[in-house]
Amino acid sequence: MASSGIELLLVSLPQLATGAWQTLAISALGILFATLGGVLYGVLATLGNRWLNILLQVYLELFRAIPVLVWLYLVFFGLPIFFGLSIPSFWCAVLVLGLWGASEVGEVVRGALQSLPRGQREAGLSIGLGGWQLYGYVLLPQALKRMTPPTINIYTRIIKTSSLAVLIGVVEVIKAGQQIIERTYESVLIYGALLLFFFLVCYPLSAASRVLERRWAHA
Amino acid sequence: MSFDTAFMLSTLPAFFKAVGVTLQVGAIAIATSLLVALLNATILVLRTPYLWRLVKGYVELARNTPLLIQLFFVYFALPSLGVKVSGFAAAIITMTFMGGAYLTEVLRAGVEAVPRAQLESGRSIGLSEGQLLRHVILPQAGILSLPALFANFIFLLKETTVVSAVAVPEILYTTKNYIALYYKTYEMLAVLTLLCVLIFLPLSLLLRYLERRLQHGQFGN
């Protein structure tokens with residue numbers, strides 16, 4: 001049993017690897033869009049524009065109130081019938097993870113920017129910096145230490161949540177595993193391997209987040 | 001694209017039941033997770049030999065793997081080891097496994113957040129360790145963990161949508177079922193969205209209120 005199990009894993013490795021590649025691609029693209037969108041959200045939320053803030057608040061609450069899996073179905077089933085758009089389920093997953101992640105990262109960026117002393121913004125403005133310069137050279141670099149640990153935690157959540165893509169038909173690592181189980185009935189081994197795969201990806205990130213948080217606690 | 005209101009109304013009783021299942025799974029999972037977490041947090045805070053490392057390992061494993069695969073492991077893999085569980089039981093077991101780990105971290109962080117000066121001043125006025133725990137640490141740790149606890153309760157309640165994958169008839173499963181049976185995609189997505197907003201939005205707003213209120217309720221800083 002033990003040797004045949006290891007043999008099976010070795011034989012199925014290429015198929016699992018193809019699926020794992022899809023999982024990592026969805027996660028990486030989701031993380032990319034979440035980061036870009038999150039920084040944009042954080043900057044827009046600290047401009048002090050009332051209407052903009054209401055808009056961002058609605059966006060945030062929609063992603064907090066409606067679970068990610070429900071969003072996946074809304075986009076997967078909804079885009080074709082509401083907008084006549086038919087996009088592959090892979091990109092549905094990337095879109096939802098990106099938008100949801102942006103709301104989470106955005107709140108972290110907003111919090112980090114608002115925690116900076118007021119004087120930093122005022123000093124920047126008083127020496128004549130424009131908006132881009134103020135955020136690019138003064139505010140964001142200082143907020144970086146405060147927002148990095150929680151943002152890494154959100155990255156691990158995005159990676160874990162990417163597993164839900166299998167439920168809208170993306171052939172990622174879980175689907176690859178299920179195909180192997182259909183052939184071999186080795187469900188314990190394969191699901192064990194899937195758990196191990198996600199653990200090996202997420203644990204180093206969680207640990208890094210913790211270390212950075214401790215190191216920068218007084219920054 | 002027409003909107004079939006009559007059909008939508010006809011599904012309401014089923015959705016009413018589904019909301020019940022969502023709340024039931026959520027409530028049971030929250031209660032059992034809290035029990036697991038209380039036990040684990042006690043072990044962590046007291047640093048019980050050996051058990052302490054075991055709890056740490058469990059927390060890391062549960063927090064760094066997806067709920068969906070944990071669920072599939074319990075539902076599809078355990079039967080081949082001779083443990084057969086229903087979808088509902090698998091849902092509760094898995095959500096307790098994950099929720100217990102998250103809540104353990106919350107409770108541990110709450111105890112650690114009590115300022116050291118509180119402990120020292122308690123000791124200096126001659127409180128025993130038991131009195132210290134009961135009158136100084138736990139009341140403050142409780143208040144300090146409350147917003148994070150509540151946030152995790154909401155998180156767990158939202159995660160119940162994932163157990164639709166093992167045919168637990170909660171709101172998402174019911175929606176998918178109706179879409180597959182009658183192709184009323186438009187109407188069913190509208191009902192699902194509405195239900196989510198009705199159930200989760202008030203909770204989310206309540207959480208925000210709680211966080212603001214409790215910021216003013218801390219001692220010693």
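**Ground rules.** This is a predicted model, in which local features need pLDDT of at least 70 and side-chain atom pairs count only at pLDDT 80 or more, while totals for chains, interfaces and linings use all residues. Residues are numbered from 1 along each chain as its sequence is written, and chains are lettered from A and ligands numbered from 1 in the order in which they are written.

**Chain A, overall.** I went through the secondary structure and got eight helices and zero strands. Helices are DSSP runs of H or I with at least four residues, strands are runs of E with at least two, and both are numbered from the N terminus. From the N terminus on, I read α-α-α-α-α-α-α-α for chain A. Its C-alpha trace spans about 70 × 45 × 25 Å along the principal axes.

Next I checked burial. Of the 219 residues in chain A, 40% are buried. Here a residue is buried if 20 or more other C-beta atoms lie within 10 Å of its own, exposed if 12 or fewer do, and partly exposed in between, with C-beta atoms placed from the backbone. For contacts, the C-beta atoms of two residues, again placed from the backbone, must lie within 7 Å. Of the contacts in chain A with a separation of 6 or more, 80% are between residues 24 or more positions apart.

I also compared confidence by element.

**Helix 4 of chain A.** That top score made me look here. The helix has 26 residues and reaches 37 Å from its first C-alpha to its last, close to the 38 Å expected at 1.5 Å a residue. The expected span is 1.5 Å times one less than the number of residues. Is helix 4 of chain A mostly covered or mostly uncovered? Mostly covered: 19 of its 26 residues are buried.

I picked Ser103(A) from this helix. Ser103(A) counts as buried because it has 20 C-beta neighbours inside 10 Å. Leaving aside neighbours within four places in sequence, Ser103(A) is in contact with Tyr41(A), Tyr59(A), Leu60(A) and Phe63(A). I also took one distance: the C-alpha atoms of Ser103(A) and Ser115(A), twelve residues apart along the chain, are separated by 18 Å.

**The nonpolar core.** I asked for the largest one and got 107 residues. Such a core is a set of buried Ala, Val, Leu, Ile, Met, Phe, Trp, Tyr and Cys residues joined through C-beta atoms within 7 Å. Among the residues with the most contacts inside it are Leu69(A), Ala93(A) and Leu71(B). Helix 4 of chain A gives the largest share of this core, twelve residues.

I followed Leu69(A) further. Beyond neighbours within four places in sequence, it is in contact with Leu164(A) and Leu167(A), and also with Thr161(B), Val162(B) and Leu172(B).

**Where A meets B.** I counted 27 residues of chain A in contact with 31 residues of chain B. On the chain A side, the elements giving two or more residues are helix 2 (50–65), helix 3, helix 6 (131–161) and helix 8 (187–215). Helix 8 of chain A provides the largest share, ten residues. By type, this side divides into 19 nonpolar, five polar and three charged residues. Ala, Val, Leu, Ile, Met, Phe, Trp, Tyr, Cys and Pro count as nonpolar, Asp, Glu, Lys and Arg as charged, and the others, Gly among them, as polar.

**Chain B.** I found nine helices and zero strands. The radius of gyration of chain B is 21 Å, well over the 17 Å that the globule rule gives for 221 residues, so chain B is more spread out than a compact globule. That radius is taken over C-alpha atoms, and the rule is 2.2 Å times the number of residues to the power 0.38. The C-alpha atoms fill a box of roughly 75 × 45 × 25 Å along the principal axes. In chain B, 37% of the 221 residues count as buried.

Last, I checked one loop. Arg47(B) lies between helix 2 (12–46) and helix 3 (51–63) of chain B, and has a positive phi of about 50° although it is not a glycine. Arg47(B) is exposed, with 9 other C-beta atoms within 10 Å.
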